[in-house]
Each structure stands twice: as C-alpha cells, then as structure tokens.
Amino acid sequence: MLKKQIAKLLTVIALLSLTSCFEVLEEVNVNKDGSGDFTLTINLSQSKSKIKSIMLLDSINGHKVPSKEDLKEGMIEVVNYLKNSEGIYNITKKEDYENYVFSVSCSFKNIKSINNLTKEVLNKQKVKIGSYNSYKYDNISSEFIKKYSYDPELLRQYNKLSNDNKKIFENASYTSIYRFEKEIRSVSNTATKVSKSKKATMHRVNAIDLINGKATLTTKIQLAK
Amino acid sequence: MNKFYLFTIVLLSAIHISAQDLASKIPKEVYAVASLKGENLTELFPIEEFDKTTPGKEIIKEVSRKGKIHSIAELGVDIASTGYYFYQVTDSIRYHCSLIPINDVNQFESLIHESENIKEIKGVKAFYKNHDKNSVIAWNDQMMLFVHGQISKSYFSNNEVRKRYNLSIKENGDKESPVEYRSYEIFENRSQKREIAFQFIESKIDQIFNKPFSQQQSIFSNADYTKSRDKNAEFSIWISDIMEIYSDILKEADMGRYSELFYNGMNPAKFGTQGLSGHLYAEKDELKASIVYHMDNKMAARMKKVYSGSLNKKFLKYISEEEILGYASYAIDTEKFLVEYPKMVKNSLGGLFETEADIITNLISVILDEKAIGKVIKGDALFLMYDLSDKEVTYKTYEYDEDYKYTEVEKTKTETIPDFLLLLSSDDTSLLKKILKFSQEKGFASYKNGIYTITHREFPTEIYAKIENGIISIGTSLERIKKAGNTPVKISKKHRQILQKSSSSIYINTKEVVGIAKNFERSNRGKKKLDYVFNNVEDIQLTTSKIKNNNMTLELKMGVPTGHANGLKYLITLLEEIDK
C-alpha cells in the first residue's frame, strides 16, 4: 500500500513534465540562542505549461490529476499541522498558481521542533517515504547538525518509472541554505559551500543523486564559540 | 494462440468454394452475413507466398500438431473460394454458423486432433466435445459447417413450450397472466439446456446438408442482401436490421427494470428497416473500407435536415495544404439539430414517460431559441492541425549572491506547443463579441488590431481569436491568426471536393505525423519501427457522406505506398514489421 503511494507520487511528479524540471529550496536561519526561521519552497515553474495542460485533464494514465482545490486543501493541511505543533509560530504560506511556486515558512524556538516536519507533511499527504531530515543545534558547543536518512525504497520506486518519466529528475535540484549569526569554522560535508562572509552555507544536489543515495544532505557545521 | 494465428483464422473462417456459392445455404431471414472472398485474396497474395509470412507460419505450426502440413493449401479447405458466416435468430435459438468450402476431405479429417472421436449427425460426419455440445463442426466432401447454438431463455419461459420439451412447469393461481420464470428456473441444470440446444443444432445440420433451400428460401431472394454484394470486396458484412439485433440482445439480457425502458426504445416495430453493410477492399493502389448505413424514412428525413448544411466555402481560403498535418471538418445545421435531436430522444424512449418526454421536448424549444443559436453557431467547423511550433515561455528561478541571499528572477526557455486553427461560421457575432468584451473587462482577454488575445493563468498558452466576415478563427499562433483568410493559399481540388461534399471528414498527413513522433521517440526499437512506418505510409482520409436515398456512407481510405504490390500484401508486411 505504501509502495503504491510512493509510486503514485513519483509518477504524478514525473507527469508534471517530460522535458522540464523542478527546484526544491530549503532555507534555515539560526539565531545565537537556537531560535530561527525555516522556509521550504517547491518551484515547478519550469514545468508550468505541462502542469497547466495536465490540470485540464481529470486523470492521466489512470492517475487522478489533483485539482487546484486539492492542492489548496493540501496547503491548508500543512499549515494546520504547523499551527498545532509545539514551538512553531509565525506560519505563512505562499501559493502562486500562475507559476506553480509554493512555499511554507515558520519561526521556531528550537530547530528540533521542525524535525518531523517533512515526514509529517508527507504523511498528511498519505505518502510515507523513509527519507527525511532532522536538525540539531547545540548552543554550548556551537554545533549545527543536519542528519539525512535515506530510504532505498525511493530508488526502487524510481526504477519502476518509464525512461521518459525518469528524465524529469535528471535536471531537478534540491538546495539547502543555512544562515547563522556566528562565523562558520568548518563543515563536514565537502559538497557544502561556505559564503564569503562565512555566515552562510549552500548545498545543492541533483534529485537523481538523492534518489540513488549517492548524495547525502547530512552535514555538521561548526560555528565560532 | 497468438494474434497472427487468430487474425488468419478469422480470415480463413470465411474462405470458400468454387463449385457452388455456399450463400445458397444461408436462409433468407438472417440477421447478419459476413463473407471473405478467397479468390480475391489468393490473387492478391498467392498461397505459397503467404506460407512464408509470420501469420502463415503460425497457422502451419498450429495445425501441424497432429498431421504435418507444409502449406496452407494442405488444410483441405478450398482457400480460393468464398467462405461465409451468418447469424440467424429464431424465437427459440440463435445460430452462429460458418460455412467453409472443402476440396480435400481426407486431408481435412487428418487434421482433426481427435479423429477417433468423429461422430455422425443425421448421416453427416461431425466433431464436437461432449462437454461443449453446443459448438459442432460438421462436413461432407464439399463443405464444412461450424455451428454454435444459444438457447433463447424467453422462448423456454412459455408453459406450452415447456410441456413439449418435458420441462418442469410452474403453475400460476391466476390463470390470466403468464407465469414468470427467473433465469435460473428455466432449466434444471446446464446439461439439460445443452441437450435441448443440441437437438436444434442437429436439425440445423440436417437442414444445411440434407435439405437444400430453394432459391426463394435462401438469402439470394433477399433483395437488401443481394444489392449489398460486391464481388470486388475482399471482406463484406451485411446486417439486416440494427434495431432488431439491439432489441434481441436486450430481450435476453437481464437488466431488471431498465430492460423494459431500453426494449421499448429499441422496439423494431417503431422503426422501419435500418440496415448496415460494409466492405473492405485491398486494391492495387488503395486500401479502402466503406460502411453504408441505411435508414428508415423517418430517421432519414430527420438526418437529412440535420446534415443539410455545408461547410462554409470561405473556409477554403484558410487552408494552406502544404503546411498542415491534417484536418477535421463537420457540417451540421445547429438549428435543425436542436429541433430534431430532442425528437429522436423522445422516440427512443418508446411509449415510456410519454408525457414527461413531451414536456421536456417542448420545454427545450421554449428555453432554447433554436433559430438564434443556429445563427450564432451555424454548425460547421474546420479544425486545422499545423506542425508543432516553438514558443518562448517564462519561468521563475533564483539567483544567489555571495552570501547566498537569493532573489527570484524571471528567465525564458523554449517549449514546443501544438499549433492549430479552428474555424467556425456565425451569422450573428454580436453575442460572441459581447462575451469577449466582458472577458476584456475581467482581464481574461485583450484586443489589439482586430485580434483578441485570451489569457487565463490556468491555460498552458495564449489563445488568439479573430472574428471576420462571419468566420470565427481561434488558434495558438498569433502570426497564423493574423494571416488567416488574408493570404493566398493553396488547396488541391481533391481536398476542396472532400470538404465541400462530406458531412464530416478527417485527413491525416501520416508521413508528417510519424516524422514528428520519430523526434520524440527515445527507444531505438521504437525509432526503427517508426522509421519503417515513415517510409511505408500514405495519407489517411475518412469521410462521411450527406444523406442520399436514405443512406449515409462512411469511407476510410489509404493509398498503398510505392514498393508494395497491393493493399493486402502491404497490410501483412506492415503487421510483420511492427511485430518484430
């Protein structure tokens, strides 16, 4: 049942475009005391013509095409989930149905509060993927840790897609940006870049590498004490 | 069994005799006849050549399980004459029969897998399995008959009939109304039903082999059928009355309370004969299928009104034949359609809901002003498909500065979109103009230099429209809409005639379409197949005629590509190539 749902999700995403791609942007600002802001953006605008064409249909290859109302409802569910989560406030959402860019942002007292976010959001959409992020910020040691757990189920489901549908993931990207008030001393993940000001990091991976398990989002960032 | 085998069995199950036309064995009153002309087929595709094709080899392999054969010619059946199928319905049983001529009965018998089980029915050799006695093959040295019988449940629900067949009788206290049997009550078990059907099959075999029809009893005395025969067709089908077949199916189908509604609607008593005949031709330079629908007077009068309109002649000025991938056209009269259609619906409801149907049909004509609607949308349309075109589209992405602060930026990229043009006639464009003006006010449309641009954020692309000289043109390319109707265009006499004389038509420039598909195909196997089709395909044309002598004709045509001797050889080679 779960596998079916994952397959469905992948197919629906794949159907969004055969020639285009999408971007996922994760942004975290961490204050000295460990509080901060979190934003997750999904930008499908490079595939918007395709999406608009598909949205005119009821179903495609036997999969129901979600309507605009379905998408809106999904966003409301996510916001409601965040509102009921402890330690999370200032929740805002942005929906652009012309360009197909969606984002949710919130503020947190401790970054731990958003640990279950991606997992729960996917659960809410009845898709249970074992790959998720968790964060930890230690005020005393000035250490920021992002842990990414990979689930090989993702690859198994991806392999079931047709070659045409796989193509869309080739150009899709996942970008994480973290900003701090203190300077960065070191980062454990060699793929993570540090900004000139030494107060921000950026890590961009191809969706395909995440699916294959070749890339990891895990990183440990040591800040000045 | 693979599809080649099935395909060819279908072909063979109608192959024929030279000495005598087996049609003389078909009774006058049948519902349907199909025939396959072996003489034509073997001329187009000699047997020794067919043996070497994939379907030929498959048949030989399939049949060779018992006796070894090396050619289709060794099946014992006379491939070079006509074979028939017919469907006969009586009050008690439905027969599906195939008549196939035989030229070597020993060869034929040697191929029967369980030849030790050959039986005799009314002095005729027959073969059947005991658990399936309702499908029997019977033969003599001239022909083979395959007969399958299905008992009519309604007939055996009658107590008089049940007495004759010694079936258990359900008594009804109230003598006035007939007893009703549920479908599982009609026969005690399957074998009882099977035995009764078998009796009918036996008498059918007796009649066909031992009691030849006179000319008056056979299908040759059915003028509708003889008129429909065409010796040039490779395959033909004829249906005496579609309504009769419908109502027969509905009579037997257990659809509970709905069956009465449908049955009334389809009751053949309310219609005149509405026949159908179809032919397939695999000629030297053309593959053609034609179907003629013969209507009763009432239906024909209605359809004649609906299809009285013609395609707007001005449309022809919009077609640049060299550029198009295909077109689709139709011409009905909207006003007549809105008047006649509710009547047809009312008619098909039968006597049921008569008052309600009356009210509804009257209500429709009160609410809808048929004349006014007919003026706005006259009912003729032409859809022109052009090549795919490239179009610049914008999208949002991000640019990052040194500190990974990002800004949303707009970039452009090229996308391929279909390019089409739709033409509609209108005598009254004021309503449409009002709608477009309203859209302008709402921000969905803009107007510049005579062209409306319709943008909706949920549309994948802008749509352009122009209203000029009573023609509404709608399309995805601004350039094309600007030019539409104003630039000299070329259209051949052939397409000019098709568009003007047909009630509807479809044309596909197959080569161009396959060429485009080739660009999108990624797998090598698929590319190879498309390559073959690309080099071996001609344009496809479908037309439906206007109503003439109560007939409407549908025709589907494709030229035989060069390098292929005839349509049949082309089709078989194409099947082989695609299946590779």
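By class, 5 nonpolar, 5 polar and 3 charged residues line the second largest cavity, where Ala, Val, Leu, Ile, Met, Phe, Trp, Tyr, Cys and Pro count as nonpolar, Asp, Glu, Lys and Arg as charged, and the others, Gly among them, as polar. The model is predicted: local features need pLDDT of at least 70, side-chain atom pairs count only at pLDDT 80 or more, and totals for chains, interfaces and linings use all residues. Residues are numbered from 1 along each chain as its sequence is written, chains are lettered from A and ligands numbered from 1 in the order in which they are written, and side-chain values use heavy atoms, without hydrogens and water.

The volume of this cavity is about 100 Å³. Of its 13 lining residues, the closest to the centre are Ser35(B), Tyr225(B), Arg229(B), Asp230(B) and Ser236(B). A cavity is a set of points on a 1 Å grid over the protein atoms alone where a 1.4 Å probe fits but cannot get out, and lining residues have an atom within 4 Å of a point. Grid points are joined across faces, edges and corners, and the volume is the space filled by probe spheres set on the points.

The elements below each supply at least two lining residues; helices (H or I, at least four residues) and strands (E, at least two) are DSSP runs, numbered from the N terminus.

| Element of chain B | Residues |
|---|---|
| Strand E2 | 32-37 |
| Strand E3 | 82-89 |
| Helix H8 | 223-228 |
| Strand E9 | 235-239 |

Chain B contains 20 helices and 21 strands.

Definitions and conventions:
1 Å grid on protein atoms, 1.4 Å probe; cavity = no way out; pocket = protein on both sides within 12 Å on 5 of 7 lines; lining within 4 Å.
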